[in-house]
Amino acid sequence: MSTAIDVHDHDGHDHKPKGITRWLLTTNHKDIGAMYLWFSFAMFITGGAMAMVIRAELFQPGLQLVDPNFFNQMTTMHGLIMVFGAVMPAFTGLANWLIPVMIGAPDMALPRMNNWSFWILPFAFAILLSSLFMEGGGPNFGWTFYAPLSTTYSPPSTSLFVFSVHIMGISSIMGAINVIVTIMNMRAPGMTYMKLPLFVWTWLITAFLLIAVMPVLAGAVTMVLTDKFFGTSFFDAAGGGDPVLFQHIFWFFGHPEVYIMILPSFGIISAIVPAFSRKKTVWLRLHGVRNCIDCGLKFCGLGAPYVYYGNASGGRAVLYVLYHADLGTYGS
C-alpha cells in the first residue's frame with residue numbers, strides 16, 4: 001500500500017498584494033473607508049486653498065489678486081469640491097468603516113463594487129480640476145450652475161464639468177446600493193431594525209435619498225450639456241424653454257442633498273454623545289429613527305421652498321423657517 005506524501009512546500013505562497021497594488025485591488029471595507037477619508041482630506045485641502053484665494057481677494061474692496069472671471073471659477077470649484085469631494089466622501093468613508101462593525105457583518109455586501117465606487121472618484125475630480133487649464137477657464141457659474149449662466153454664458157469647459165458630475169453620481173449610487181444591501185441582508189442574528197445604531201439608521205435613509213436624487217442631478221447636467229452644445233432649448237426661453245425649470249430640477253436634488261449631508265452628522269453625534277455621557281438611548285433611538293424617516297419624507301417636499309421662498313420676506317420667510325424647524329427637534 002503506497003502512501004501519498006505531499007512534498008510541495010507551501011511557504012511563500014501568500015499572494016496578498018503588496019504596496020500600491022494592495023490599495024488598488026483591496027476589497028476590505030476598512031481599507032476602502034480609509035481611502036475615502038484620505039481622499040476627502042485631500043479635497044478639503046484643495047477646496048480650502050481655493051477659499052483662501054477667495055478670502056484674499058475679498059480682503060479689501062476692489063481688485064486685489066485675481067481677475068473677476070478667475071474669482072468666479074474659484075467660488076464654483078470651491079463649492080463643488082467641498083460638497084462632492086470633501087463632505088460626501090468623508091461620510092461614505094465613515095460608513096465603510098463603521099456600518100459592518102456596528103451590524104456584525106464581516107464586510108460590505110458588494111466589496112468589489114465598493115472598490116470601484118471609490119477609485120472612479122479621483123478620476124472625476126482630476127477631470128473637474130483639469131477644466132481650470134482649458135481655454136476660457138473652468139466652470140464660472142457657481143456650484144448650483146443655474147441656467148443660463150451654465151448654458152448660454154458658460155465656458156467650453158462645461159463639458160468636463162458635466163462629465164465629472166456624472167462620474168461622481170455613479171460613485172454615490174454604487175455606494176448607496178452597497179450600504180442598503182449590507183444593512184438589509186448582513187445584520188447579525190437578532191439585530192432587528194430597532195436595534196440598529198442611529199448612525200446605521202441615518203445612513204440607511206441617506207442611501208435611499210442618494211439613489212432617488214442623483215439620477216435627477218445627472219438629468220439636469222445632461223440638459224445643460226445639450227443646451228450648451230447640441231442646440232436644445234430646455235432652459236432657453238427664446239427656444240420655448242424655461243430657465244425656472246432648471247431650478248425645479250436642480251432643487252429636486254439640492255433639497256434632499258441637505259439631508260444627505262446632515263443625517264450622517266446626526267448619526268455621528270448620536271453615537272458619540274451617549275457613549276461618553278454613559279446615558280441610555282432608548283427614547284433618543286425612537287426619536288432619532290423618527291427624525292431620520294421624517295427627513296426622508298421631506299424629500300417629498302423637494303426643492304419647492306428654495307425656489308418659492310428664494311427671495312422671501314415677511315410671512316413667506318416665516319413659513320420657510322417653519323418648514324425646516326422640525327430638524328431642531330432631533331436633539332430635544
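Student: Before we start, what should I know about the model and its numbering?

Tutor: The model is predicted, so local features need pLDDT of at least 70 and side-chain atom pairs count only at pLDDT 80 or more, while totals for chains, interfaces and linings use all residues. Residues are numbered from 1 along each chain as its sequence is written, and side-chain values use heavy atoms, with hydrogens and water left out.

Student: How many helices and strands are there in the protein chain?

Tutor: Helices are DSSP runs of H or I with at least four residues, strands are runs of E with at least two, and both are numbered from the N terminus. Here the protein chain has 10 helices and 0 strands. Read from the N terminus, the elements run α-α-α-α-α-α-α-α-α-α.

Student: At what angle do α2 and α3 pack?

Tutor: Axes are lines fitted to C-alpha atoms, for helices over the stretch in contact, and angles run from 0 to 180 degrees between N-to-C directions. Angles under 35 degrees count as roughly parallel, over 145 as roughly antiparallel, 65 to 115 as roughly perpendicular, and the rest as oblique. In this model, helix α2 (residues 29–57) packs on helix α3 (residues 68–103) at about 160°, their axes 7 Å apart. That makes the two roughly antiparallel.

Student: Which hand does the crossing of α2 and α3 have, left or right?

Tutor: A crossing is left-handed if the near helix is turned anticlockwise from the far one by less than a right angle, and right-handed if clockwise. The α2 and α3 crossing is left-handed.

Student: How do the axes of α4 and α5 cross?

Tutor: Those axes come within 8 Å and cross at roughly 160°, so α4 and α5 are roughly antiparallel to each other. Their crossing is left-handed. For another pair, look at α3 and α6, whose axes come within 11 Å and cross at roughly 135°. These two helices are therefore oblique to each other, and α3 passes α6 in a left-handed crossing.

Student: How much of the protein chain counts as buried?

Tutor: Buried means under 20% relative accessible area, exposed means over 50%, and partly exposed lies in between, using a 1.4 Å probe and protein chains only. Of the 332 residues, 43% count as buried.

Student: Which residues of the largest nonpolar core touch the most other members?

Tutor: A nonpolar core is a set of buried Ala, Val, Leu, Ile, Met, Phe, Trp, Tyr and Cys residues joined through side-chain atoms within 4.5 Å. The largest one here has 70 residues, and F84, I99, F125, F145, F161, W203 and L217 touch the most other members. At least two residues of this core come from each of α2, α3, α4 (111–130), α5 (158–185), α6 (198–229) and α7 (243–277). The most comes from α6, with 17 residues.

Student: What is phi of F145 near?

Tutor: Phi of F145 is near 40°, a positive value in a residue other than glycine. F145 sits in the loop between α4 and α5 and is buried, with a relative accessible area of 1%. P148 lies in the loop between α4 and α5 as well, and the peptide bond from A147 to P148 is cis, with omega near 5°.

Student: Which side chains meet in a salt bridge?

Tutor: Side chains of opposite charge can pair when their charged atoms come close. The rule asks for a side-chain nitrogen of Lys or Arg within 4 Å of a carboxyl oxygen of Asp or Glu, and the count comes to 1 salt bridge. R22 and D31 form it, at 2.9 Å from N to O. R22 is partly exposed, with a relative accessible area of 36%, whereas D31 is buried at 12%.

Student: How far apart are F246 and V224 in sequence and in space?

Tutor: They are 22 residues apart in sequence and 8.8 Å apart in space, C-alpha to C-alpha. F246 belongs to helix α7 and counts as buried, at 0% relative accessibility.
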